[in-house]
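Here are my notes for your read-through. Please keep the structure open beside them.

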Amino acid sequence: VQTVVQALVYCISVIVATVPEGLLATLTVALALTAKRMHRKNVLVKNLNCVETMGCTTVIASDKTGTLTQNRMTVQHCWYDKALHDVPAPRNNVQFQEEVVNKSGAKGPQGWSRYDPRNPTFKRLQMVATLCNNSEFQLLKEPVVQEDKAGLFTCGSTDLQTISVAVPQGPNKQEAALLDLSQECARPDFDLLSLPCTGDASESGLIKCVQLLRDVREYRSAYPKLFEIKFNSTNKWQLSIHDPSREEPGRGPLLVMKGAPERVIKLCSKIMINGEEVAFTPAMMEEYHRAYEDLGRLGERVLGFAYRELQGMPLDYGFEEKPSLNFPNDNLTFVGLFSLMDPPRDGVLDAVEKCKRASVKVFMVTGDHPITAEAIARQVGILDDDILAQGRGKVVTGDDIRVLTEIENDDDRNKAWDKVLKHDQIVFARVTPAHKLLIVENNQRRHEVVAVTGDGVNDAPALKRANIGVSMGIAGKDVSKEAADMILMDDNFASIVNGVEEGRLIFDNLKKSICYSLTSKPPELIPFLLWVAAGFPLGISTILILAIDLGTDMVPAISLAYETREADIMRRPPRSTRHNPLVDVRLLLFTYLHFGILQVLAGYFAFLVVLNDYGFPSFNLWNRGLGWRSTPMICTIKDGAHVDFCGFGCGSYTMSDATKSVLTTAYPEKFPNGFSDNGNVCNAGCKIPGQNDAWDPFVEFTPNGFRGFGAGVEAVCGRTCAWWREVTSNGMANTYLAAANQTDNPLRLILTPEDNAAFASYCNMTASDSFGFPGRGSGDSRINADVGGRYWWAAQIQDLPNTDYQAKVLHFAQTAYFVAVVFCKPFAALACKTRRLSLFQQGVRNNMVLLYAIVFEICIAICIVYIPPLNTVFSTRPLWGGHWFMGVPWALLLLGYDELRKWALRKWPGGLLDRLTFW
């Protein structure tokens, strides 16, 4: 039966042994390290929890412009006067003269002639592209000004080529940052296309195209803006009204519009042909559609341009947009098309292929025309011809989504969405931010883990709703960055895939850290269970458990966060968050029943070897644990040197002062110095009397050893005059005296003739009622010492008890248990480096932090074992050198067993062993 203190210690120890105290810190540090590593890969993590979730991603819904493409628009083609034309991209006036003026009519790669800048229809197209545009060249830079030997100042910029401009000294020095484009464009080495611009990438591409035809700022100053409606995802067009009176006196306000061609053309009733406005006939419409599709198939973004002269309206008219337009915006004249190419980013194709191997679906979500979106999707590998031919790929338009939203019945609507989303490859074109939110929600309804990108204010709901919201660091608005979980600092899709890979890596590494941390739980918990259930001496103390969890284990567990990815990490399908959590039954069974049990065996092997070396063989340990520290061990010896059986005798007892005074006075020859053991007699057990010592009938020993419990506890431990009188009166004394002559009788030492004579002498004294040990019980009734037993410590028969020695031996054994477990931990860490691959395939030197952590772990153990102050704190003792290596064979067995298990996993994937042990 445990005491209250023992029960309390047991409860606290079980809690300490069960709870991995260092795991929370380990996981936090591991996530932080991964976030730092992702930052180096241009992914800024705002929420640490999403790092691991990124590895579960099954669907990536990515924007096209700026994410899959470079967001560097360059005008490639145009359509006017019912013909398609190539548009070269000269960098200065010299190249413009060579490539446009001198090669007018030359054929391009598609067989289309180059545009004619003198054509009246093209001039009108140029005007609309210039005026209906808010992009401007950044002519005022923040230069790094350095004076060279020639007295020139070099104005450098990260976005511009270095331009040397001669400037005066003094207060006019800042004007060096202003570029005069009319002069700069005349230089043959000037690069107009590299100039940074404000505004949208499409608008920037347009002004770079028309700048060499007429200076944009000068053109706009000739047509001052009166009113504007900016582009939005609902209208999908931009409109502005200008004053043409400076160049065309007497004309009314000029309305110009650009936007999605199918939206713009719905507002047009006429088209300009050869500089004249003509009716927009069905034949013209067919020509337009043919041109639009031809440009879209090239993967180019196509913009439509139109205008209308608002005759009869004064220039000072108060144009208003709300609550409704107070001016006409229909019956426009369609001028033509410009198509711009935004080339795919480097590395996107490889990133998409990596996603395919990893079974991650990549959906393109764009506002572009379906034909353009499909072309770009083919270029970057989101759509494959064979997948489309098999019916597993699809282009879904915003109109298709609107049809889905109009289905009233929820079940029918969900089935319609499922029919769309079951495709392996999907491109969503001409969609709005509201459609993007629907795409996210319906994928999540199908238990997909969705990562979605966005950069606009209207994208915030989708970013917030997605499992992983990814905002653009360059083009993203503040609202979208606030709603997102991650920010791509380079706006590159490949960075998302890097994030997925890092997410899978951190999941693997977290599993490895958890597995490593939990492997020490069985060797910490089982000793306490055996101590209580089987009375086995306690293998490890609570303070040593904390030394493992918060000392030796912490750094190696954290070091596993530095582990590099396994070769097959992006060839595995995404893990299911519902069926494959971070900690599952297989992980617990593996850590507890595989690695954990091996460490238990290693610890107890060292524990038993040390106890045996100090004289306590393993077969005499069961049921001795609870009384080990308080009650001396009494053993029977065979062959004079070998322990046969050990148990416990009587408990401690403190005599009253009156009894001690009587005994000291009555027997001065027996107690010449009085009671010198701090007032306690037989506190940890009485001395075994020698053959020449005065006979004491009250103690539990005779010169022949322990009396034994054959006649009950009182006959051994509670011997008093009252007991003697009782056994004398009931005749049991005769039985005991007769047994004294029988060498095999278990009662032979209960009452010897010498005892009987001594009792007769002592018990006739006046104070005899207080003699002996009234009420003293056994030391530990779980296992009682045999008749004839003697004190056993220091591997020798002893006459005096020594519980201090037993406690010290237990400390030595617990230290050996601790060291054996610690020695197994480096091998457990090496085994946890990989989940399926062999350690020899992954290598050891790829994670030097782990190697340093192992050295650190061993050093901590050495300090705990050998530094005297730490011996006191942790109740350890300095071990003999040979006892340090008791755990090594078990550690090697652990590593060898795990290598064999992983070999079987690779040889028979999906087999029984895989299903049971792959964590």
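1. Start with C635 and C646. The torsion about their S-S bond is about 110 degrees, so this disulfide is right-handed. The model is a predicted one. The two sulfur atoms sit 1.9 Å apart. C635 belongs to strand β21 (residues 633–638) and C646 to strand β22 (residues 642–648), so the link ties together parts that are eleven residues apart in sequence. C635 is buried, at 1% relative accessibility. C646 is buried too, at 1%.

2. How many disulfides does the structure hold? It holds three. Another of them pairs C650 with C717, with 1.9 Å between the sulfur atoms. The link of C650 and C717 is left-handed, with -85 degrees about the S-S bond. C650 is in the loop between β22 and α24 (657–666), and C717 is in the loop between β24 (705–706) and α25 (721–729), so parts 67 residues apart in sequence are tied together. C650 has a relative accessible area of 3% and is buried. C717 is buried at 0%.

3. C721 and C763 form a disulfide as well, S to S 2.1 Å. The angle about the S-S bond is -90 degrees, and the link of C721 and C763 is left-handed. C721 lies in helix α25, whereas C763 lies in the loop between α27 (753–762) and β25 (790–793), so this pair connects parts 42 residues apart in sequence. C721 is buried, with a relative accessible area of 1%. C763 counts as buried at 4%.

4. C185 is in no disulfide, and the nearest cysteine sulfur, that of C197, is 11 Å away. C185 is buried, with a relative accessible area of 3%. C209 is in no disulfide either; its nearest cysteine sulfur belongs to C78, 7.6 Å away. The relative accessible area of C209 is 12%, under the 20% cut-off for buried.

5. Next, helix α15 (residues 410–421). A416, W417, V420 and L421 are buried in α15. They cover an arc of only 130 degrees around the axis, so they lie on the same side of α15. On the other side of α15, D411, K415 and K419 are exposed. An α-helix has 3.6 residues a turn, so residues three or four places apart point the same way.

6. Helix α23 (residues 585–613) contains I597. This residue is part of a nonpolar surface patch of about 440 Å², made by V585, L589, L593, I597 and L601. I597 is partly exposed, at 31% relative accessibility.

7. Now the charged pairs. The structure holds 53 salt bridges. Side chains of opposite charge can pair when their charged atoms come close. In one of the bridges, E287 meets R290, the closest N and O atoms being 3.4 Å apart. E287 and R290 are three residues apart in helix α10 (residues 282–297), so about one helical turn separates them. E287 is partly exposed, with a relative accessible area of 30%. R290 is partly exposed at 39%.

8. Helix α10 also holds E293 and R297, four residues apart, about one turn of the helix. Their side chains form a salt bridge, 3.4 Å from N to O. Which of the two is exposed, and which partly exposed? E293 is partly exposed, with a relative accessible area of 33%. R297 is exposed, with 53%.

9. R308 and D330 form a salt bridge, with the closest N and O atoms 3.5 Å apart. R308 is in strand β13 (residues 301–309) and D330 in the loop between β13 and β14 (332–341), so the pair ties together parts that are 22 residues apart in sequence. R308 is partly exposed at 22% relative accessibility. D330 is partly exposed as well, with a relative accessible area of 35%.

Notes. Residues numbered from 1 in each chain as written. Predicted model: local features only at pLDDT ≥ 70, side-chain atom pairs only at ≥ 80, totals over all residues. Heavy atoms only, no water. Disulfide = S-S within 2.5 Å. Helix = DSSP H or I, 4+ residues; strand = E, 2+ residues; numbered from the N terminus. Buried < 20%, exposed > 50% of the residue type's maximum accessible area, 1.4 Å probe, protein only. Patch = residues over 30% accessible without salt bridge, like charges linked within 9 Å, V, L, I, M, F, W, Y side chains within 5 Å. Areas by Shrake-Rupley, 256 points an atom, 1.4 Å probe, with all protein chains shown as cover. Salt bridge = Lys/Arg side-chain N within 4 Å of Asp/Glu carboxyl O. Arc of directions from axis to C-beta.
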